[in-house]
Amino acid sequence: MSERVGILGGTFDPPHTGHVLVADRAARRLDLDPVLLVPTGRPPHKPEGALLDAALRAELVAAVAAEHDRLEMWPGEIEREGVSYTADTVEQIAAERPGAELWFILGTDQLREFHRWRDPERIVAVARLAAVARSGDHPDEAAARLPSGARVDVVHVPRIDVSSTLVRQRMGDGLPIDDLVPAAVAEALRKKGLVASPTSR
Ligand code: ATP
């Protein structure tokens, strides 16, 4: 049987429990192994001035992956110079894993905007889309403008209100983040003096 590989891109600034939830639910629902967690180099849609530099974001993602059998960190985007486009990434992963079936994992909001991305038809030519629907989302409506030939599988996940923005805000305010991020992330950030310890809550 061919390898079934998931790809979850993100800024991971820093990684949090929402990322793990999505990767884990997609892996179970679609029988993916591995799910590649792909930290962006310089995200095209996000301004400069992120809190954590690329090397540290990759280190944190690798620490999360080390705790989960099916998760792996894929460093290709941070190793690439400049802005990374998903089309280049999925083609590179496809070339590295001949014969593998690929699923690119994305949220319903991203699915709605997908037709505006760089070369979306190149993405759907090599990967299926795993559309993550949080409770209350409507993935079918969001899929209305996809390129022809796009193959979409829906992955339902419970809605949990955690984002990297929230984690960064708490870090900035000197508050603990232990309920929002995997233990390995909290530990690594604490060692670097970037977060408060849970006892100071
Ligand atoms: P930021 O708050 O900095 O915008 P983020 O928390 O959305 O970041 P990203 O690294 O940009 O995190 O997201 C990577 C992927 O994870 C995206 O597809 C995003 O939709 C998804 N994601 C992030 N948080 C959640 C969550 N709580 N539940 C489900 N999916 C999530």
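Trainee: How many salt bridges does the structure hold?

Mentor: Please bear in mind that this is a predicted model. As a general idea, side chains of opposite charge can pair when their charged atoms come close. The structure here holds 14 salt bridges. One of them joins the side chains of K192 and E59, with 3.7 Å from N to O.

Trainee: Which parts does the pair of K192 and E59 tie together?

Mentor: K192 lies in the segment after α9 (183–191), while E59 belongs to helix α2 (residues 54–66), so the pair links parts that are 133 residues apart in sequence. As for accessibility, K192 is partly exposed at 42%, and E59 is partly exposed at 41%.

Trainee: Where do R122 and D88, another pair, lie?

Mentor: The side chains of R122 and D88 meet in a salt bridge of 2.8 Å, N to O. R122 is in helix α6 (residues 120–126) and D88 in helix α4 (residues 86–96), so this bridge ties together parts 34 residues apart in sequence. R122 has a relative accessible area of 24%, which counts as partly exposed; D88, with 32%, is also partly exposed.

Trainee: What can be said of R159 and D137?

Mentor: R159 forms a salt bridge with D137, and their closest N and O atoms are 3.0 Å apart. R159 sits in the loop between β6 (152–157) and α8 (164–172), and D137 in the loop between β5 (127–134) and α7 (139–142), so two loops are tied together by residues 22 apart in sequence.

Trainee: Let us turn to the nonpolar side chains. How many residues has the largest nonpolar core?

Mentor: In soluble globular proteins, nonpolar side chains tend to be buried together. The largest nonpolar core here has 21 residues, and those with the most contacts inside it are I7, L102, F104, L111, F114 and L129. Two or more residues come from each of β1 (4–10), β2 (35–39), α4, β4 (101–107), α6 and β5.

Trainee: With which residues is F114 in contact, leaving aside its neighbours within four places in sequence?

Mentor: F114 is in contact with L106, P120, I123, V124, L129, L146 and P147.

Trainee: What does the second core include?

Mentor: The second core is separate and has 20 residues, among them V22, L30, L32 and V157.

Conventions. Residues numbered from 1 in each chain as written. Predicted model: local features only at pLDDT ≥ 70, side-chain atom pairs only at ≥ 80, totals over all residues. Heavy atoms only, no water. Salt bridge = Lys/Arg side-chain N within 4 Å of Asp/Glu carboxyl O. Helix = DSSP H or I, 4+ residues; strand = E, 2+ residues; numbered from the N terminus. Buried < 20%, exposed > 50% of the residue type's maximum accessible area, 1.4 Å probe, protein only. Core = buried A, V, L, I, M, F, W, Y, C linked by side-chain atoms within 4.5 Å. Contact = heavy atoms within 4.5 Å.
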